[in-house]
Amino acid sequence: MTLTDKLTVTAGGTLTFENGASLVQINNVTNTGNIIYKRNTTGMLRYDYTYWSSPVQPQTLFSLSPNTLSDKYFWWNTAIYNWNSVAAPGTTLMDPGRGYIIRAPQTFNISGATTIFNAQFSGVPNNGNYSVAITVSGANNLNLIGNPYPSAINADLFMAGNATTLGTGSSIYLWTHNSPFASNVYVANDYAVYNYTGGTGTRAAINPGINSSIPTGKIAAGQSFFIKGLVTGTALFTNAMRVSGNNTQFYRNNNDNELLTSPFSALEKNRVWLELKNNQGAYKQILVGYIDQATNAFDDGFDGEVLEAGNSVSFYSVLDSKKLSIQGKALPFSETDQIPLGFHIEVPGIYEVALAQFDGLFDSQAVYLEDLATQTTHDLRASAYQFSAEAGTFDTRFVLRFQSALNTDVPVITANDIVAYKVNGAIRIVSSKAVLKSVQIVDISGRVLASKSQLSANETEFSGLHFAQQTLLIQVTTQEGFVMTKKLLF
């Protein structure tokens, strides 16, 4: 519903906007009477949180989710740079443009099948200008704000319209309340990121995550988000930023019918999305793009730093001392460019880097991943690149490049290719390159405690072990006769 002027709901009358519907208003006028505005979440479990912002006034936190425990309503306190519990959710009104997080109802499952939460806002629909505080104190620059309207807004227009407090642009971080998968390996329990360069999602490799879409710059009604400020001040939401449509689910784009076209939508963009994942559901996506108006230095609005959320895997490009989820680079593109990539994992094992999608000149441009640890350059257009790694942070192992090297896909077996680790009381040995022939577990005195031979596999596991706590030596022999010894504290 698009209105030029005021909306009036008379006494005794009702007007309900179903999930995905939009109310867009052109002029800055004051509405009269309450509407009902419905907003369905994606599937949730009991301990999941949704980031909310109210499209109406007055709206209390408790009445939005009355079956949530009273101490599970939070706001982001920039003074302490942490979450604050709302003291009285039953009487606390949701301020327009401010973000809140609310845990799922206590009646929802702890695990297993998820449930869609059917939120219902009731009040006078917000319209016109709304200012929200932006606080910056040193490196503490994250602010939780939200869409104040019963329609989606254009993120590009919001960022461009608030250059004083947000700089030439910023990055928007959208929480995806995806739940733990198994063994403390999280299914992309992370933030999706959006800026002028584009968006990165948190789609899981298997057992797909609850929020699987890549943000495309339309922030749905009811959605709050983190954004980084440049200086302390205020940010302004206006009707000119509102979008018709694009509101069927949180941060997912379905069409492009908007009141005012973003000046950044016409920029030349040539982008490549990479994803790091394993077969247990760990997942992280990054974006590198060659964009009109971007530079090779760090640019607010074109580069977005990684925002961690305790997830077991992180993946990023490296620019000087910054770790980026999104990196925008200057045009013209050069095939000789090389971009360092880093990653962090908490669970050792086999992972893979894959080419998720691409556009612009990358429709035909070659894309390679160079593994400096194994002296391998792999064609990502041909297949995903598999590798093994111990737990830890590795900021100098990978390079994204666009020309092959002479040693393309001729791997050298190194310590990085074979990992040994404990899992549920067992010892697992995994090789990403070579086929295993035999494995021996030896104590520091040289006594063989367990062994396996004639394996002809890339991994093996020793279970039912009853060793005392000690340092073990894992002696691995590959089919080619390569021998390696790994240390493991059992």
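Mentor: Gladly, and please keep in mind that this is a predicted model. Strand 14 (residues 172–175) and strand 20 (residues 224–228) run antiparallel and are joined over two bridges. Across that pairing, tyrosine 173 faces phenylalanine 226 of strand 20. Both strands belong to an open, antiparallel sheet of five strands, ordered 12-20-14-17-18. At the edges you find strand 12 (142–146) and strand 18 (198–200); each has a single partner strand, so one side of each lacks a neighbour in the sheet. On average, neighbouring strands here are turned by 25° against each other, direction ignored.

Now stay with phenylalanine 226, since its ring takes us out of the sheet order and into the aromatic pairs. There are 28 aromatic pairs by the ring-centre rule. In one of them, the ring centres of tyrosine 51 and phenylalanine 226 are 6.2 Å apart with the planes at 75°, so this pair is edge-to-face. It connects distant parts of the chain, with tyrosine 51 in strand 5 (residues 49–52) and phenylalanine 226 in strand 20, 175 residues apart. Tyrosine 51 and phenylalanine 226 are both buried.

The rings of phenylalanine 158 and phenylalanine 237 have centres 4.5 Å apart and planes at 15°, so they are stacked. Here too distant parts of the chain are linked: phenylalanine 158 sits in helix 2 (residues 155–160) and phenylalanine 237 in strand 21 (residues 233–237), 79 residues apart. Phenylalanine 158 is buried, at 0% relative accessibility, and phenylalanine 237 is buried at 0% as well. Elsewhere, ring pairs join Phe343, Tyr351, Tyr385, Phe387, Phe394 and Phe398 into a cluster. Aromatic faces also meet charged side chains: lysine 322 lies over the face of phenylalanine 298, 4.8 Å from the ring centre, and lysine 422 lies over that of phenylalanine 490, at 5.8 Å.

Within it, strand 4 (residues 35–40) and strand 10 (residues 118–125) pair antiparallel over six bridges, with isoleucine 35 opposite glycine 123 of strand 10.

Strand 7 (residues 73–77) is worth a stop too: four of its five residues are buried, so the rest of the structure largely encloses this strand. Strand 7 pairs antiparallel with strand 9 (residues 100–103) over two bridges, where phenylalanine 74 has isoleucine 101 as its bridge partner. Strands 7 and 8 form a hairpin with four residues between them, and tyrosine 81 in the turn has a positive phi of about 55°.

Stepping back, the chain has three helices and 40 strands, and 53% of its 490 residues count as buried. Of the contacts between residues at least 6 apart in sequence, 72% join residues at least 24 apart, and the tyrosine 51–phenylalanine 226 pair, 175 residues apart, gives you a link between distant parts of the chain to look at.

Conventions
Residues are numbered from 1 along each chain as its sequence is written. This is a predicted model: local features need pLDDT of at least 70, side-chain atom pairs count only at pLDDT 80 or more; totals for chains, interfaces and linings use all residues. Side-chain values use heavy atoms; hydrogens and water are left out. Buried means under 20% relative accessible area, exposed over 50%, partly exposed in between (1.4 Å probe, protein chains only). Contact means heavy atoms within 4.5 Å. Two strands pair if DSSP finds at least two bridges between them. Axes are lines fitted to C-alpha atoms, for helices over the stretch in contact, and angles run from 0 to 180 degrees between N-to-C directions. Rings of Phe, Tyr and Trp (its six-membered ring) pair if their centres lie within 6.5 Å; planes under 30 degrees apart count as stacked, over 60 as edge-to-face and the rest as tilted. A charge sits over a ring if NZ of Lys or CZ of Arg is within 6 Å of the ring centre and within 35 degrees of the ring normal.
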